[in-house]
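My notes follow below the display.

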Amino acid sequence: IQYEKAREDRRARVNASYKYLFEVLSARVGLDLTTVEEMILDVPSFDAFDSFFAKGGRKSLKIFYQEGDPRGIECGRVIPDVEKGSKIFQFYVEKTPGKIMGLCLYFVRYKNDTSINEKSIHEEISFGVLDATDGLLPGIKDMLEKVFLPAILETSNWGDLGPSKEDTKDKQNFVETIKKYVSFLGGAAACIEGTVELKKVDHINFSELQTFDKITAAADSHDTVNQLEEVLTIWYRQIEHVLIESKQLKREAKDSGPLMELENWKYMSAKLNFIIEQIKGQNCTAVINVLKIAHSKILKSWQELDGRITDAANESKDNVRYLSTLEKVCQPLYTTDVVLMTQGIPYLIKAVQMIHRVSKYYNTSERITSLLIKVTNQMVTTCKAYITDAGLNRLWDQETPVVIGKINECICLLREYQKCFHEARQETSKNLGGKPLEVSEVYIFGKSEAFCRRLEKIMAMITIEQNFNALTQCAIEGIDLMAVKFRNIYHIFQKKPYDTLDPQVTEFDVDFVKFMSEVQRLESQLQNFMRTCFRKILSSQNSLQLLQRFQSLNMPCLQEETAHTVSCILQHYVAELETTKKLYQTQKDDPPLARNMPPIAGKILWVRQLFRRINEPITYFHKHSDILASPEGKAVVQSYNKLAYVLVEFEVVYHNAWMKEMSQLQYLLQSTILVRHPTTEKFLVNFDHQILEIVRETKCMLKLGLEVPEQAVKLAMIEDKLKSNKSQLEGVIQSYEDLRKGTRNMFVNLMTPKMEKMEGVLRQGLTMLTWSSVTLETFFQEADQVLHVYRQLLRRVNICS
């Protein structure tokens, strides 16, 4: 009654939160909800549940589902359909009566600052399963390997860790640590599972076979001797099986590394030593002593077996000792630092040489070959991890320069591995006393060669992708359609589900052939597109500019078409040379000048344009093609040289003539600023318009990069001052003329003194002042003052009249 009441108390505490857990358990173990609830009510205490739900309580709750002895009346009910002495599946909370050998169903809450209620329970807790049916270590290993590691590799949210190189390295190290721990768990489980215990015999009391008298008495008993021989035969068969197994090639993972070889020998050594310890134990020793005195015939076979297992144990121990020397030099192979791996290869090869030379057992061609194959396996595995950032980033998702650099480093690593091996082999063969390293290179380097070929194919694809990606940046109209077509093909390949870096995945090679076929088809279309663009050549210069855009793509498939196009443009260029020559002959005496260009600079600019028209194409041919070295090209060069000489000579002649003319410049500014009209005697501005033309010529010559005399440069520098003085002087003369015309005849005599005074000022410009005089400013001030007085007087006179 007490236990039934306790059960009902537990049932009364079951609320919606409990029901949620029960539903999860029901779905996982395949039992209906009512059955699960009744089985949980069998648990003596619900304290763990209450703590898990409470504020500040435990953050995890473990429920085990495995076979065990049926609970008694303390569970508060009679469990139906249970046979006496049988075991049934039951739920255990937090701990099991014995070792874990079923399912561990666990619930985890991330924070416990508030209590859990039925509304928030589905958001605040998560659920997981650890399957320990085959043992706890295999269960933990499978959970990490099949659940947590894939989840980590797929995650994109690493909290404070970003995409930087240092953070990526931390992510890689974390993933590698998990992988190493998974490997360790696998090895530990294998060692435990592989332990061999000699069969226990219950019908013989071995404790009575310890003294000489009892051993002698047992040896005299025919039945006892027969029983002990049967026991020894059973043990013999067990040990014989272990020895046969030790000689057989162990099936290993296709990518197992060199440290796995060490682990295998450690495992075998422990297994054999455990058997030897049992052989030396009390029970086995007692059986042997009895059978010795009884002169049993099976002892001979047993002694032979004893020697064989001792030899096998010594071999395992010796192999472990020598292979342990590899542990340090092999460690870089298990990192993602390819540079460190490359530096460590010579030490690794020397260590293998030492084992081959010194080891008593591990010196056969088969074993050294097997070891080096594992070294190759690990190198390939690590290279794959290095390229993919330990599986965090897909090959195709990385920046092109980064992944190309990684691939090249991996290829260099594997080539260095082969190089160091061959050097070591040659060194051994040179030493007369050295033991030759006879191993199968096909087996050792087969995988690395296949991996290198795979990397080269991948790099070829990436290079092709780069080439076609350049089309998107090209300014040639219509070519971007080719880039879109390629992008679609490339994306289909990128989405393939297999491991691209695994050389044993033959689907890649099939798809690669298809990819290259599609690329070849696109390249053919691109060649036709380029041929269409140059079907009609109107101008060598414009065609070469377009050709340069095609060449800037750096696409190998266009090289042949480019050479053909260059030849076509060269033929058109020959006609352009002849046209330019005729144009020069026709226009050289009176060439058309550009707008606002002075005569000499205009002629030079005209001839330069002709020269540029023929020079730019020939320069392009020279820099980007070898066609000028052909007989046809040499003839074109001769024609170009003749015409270019004539054009350059034209420029030199006109420029030298202009330079000579500029030597007379100093006289232009020495003339007086005013002269009188020969008939009307009026004052005129004496400014030579050749000065402004010389200034324009000077400016244009400077822009053309030609030599200009110093006096012409000085003249150009004072251009604004000269124009200002000329304009100001014209204003003074015009104002004086306007005042004279505005003076009526009746006031002429009155204004005569003012006129004479102005005439006196202006006469300075007839005799004393030149355009280079430094007193021009004073002259203009004096003229303005006289004009002002004249103007004021004339205004008053006109007002008074």
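I count two strands as paired if DSSP finds at least two bridges between them, and I take helices (H or I, at least four residues) and strands (E, at least two) as DSSP runs numbered from the N terminus. The model is predicted, so I kept in mind that local features need pLDDT of at least 70 and side-chain atom pairs count only at pLDDT 80 or more, while totals for chains, interfaces and linings use all residues. Residues are numbered from 1 along each chain as its sequence is written, and side-chain values use heavy atoms, with hydrogens and water left out.

Strand β2 (residues 88–93) is mostly covered, with 5 of its 6 residues buried, where buried means under 20% relative accessible area (1.4 Å probe, protein chains only).

I then followed the open sheet of 4 strands, which has the order β2-β1-β3-β4 and antiparallel pairing. Because β2 and β4 (125–131) stand at the edges with a single partner strand each, one side of each is left without a neighbour in the sheet. Strand β3 (residues 103–109) pairs with β4 over 7 bridges, again antiparallel, and I noted that tyrosine 106 has glycine 128 in β4 as its bridge partner.

Last, I checked helix α3 (residues 33–41), which packs on the sheet and touches β1 and β2, its direction making about 65° with that of β2. Contact here means heavy atoms within 4.5 Å, and angles run from 0 to 180 degrees between N-to-C directions, with axes fitted to C-alpha atoms, for helices over the stretch in contact.

Note on methods. Buried < 20%, exposed > 50% of the residue type's maximum accessible area, 1.4 Å probe, protein only.
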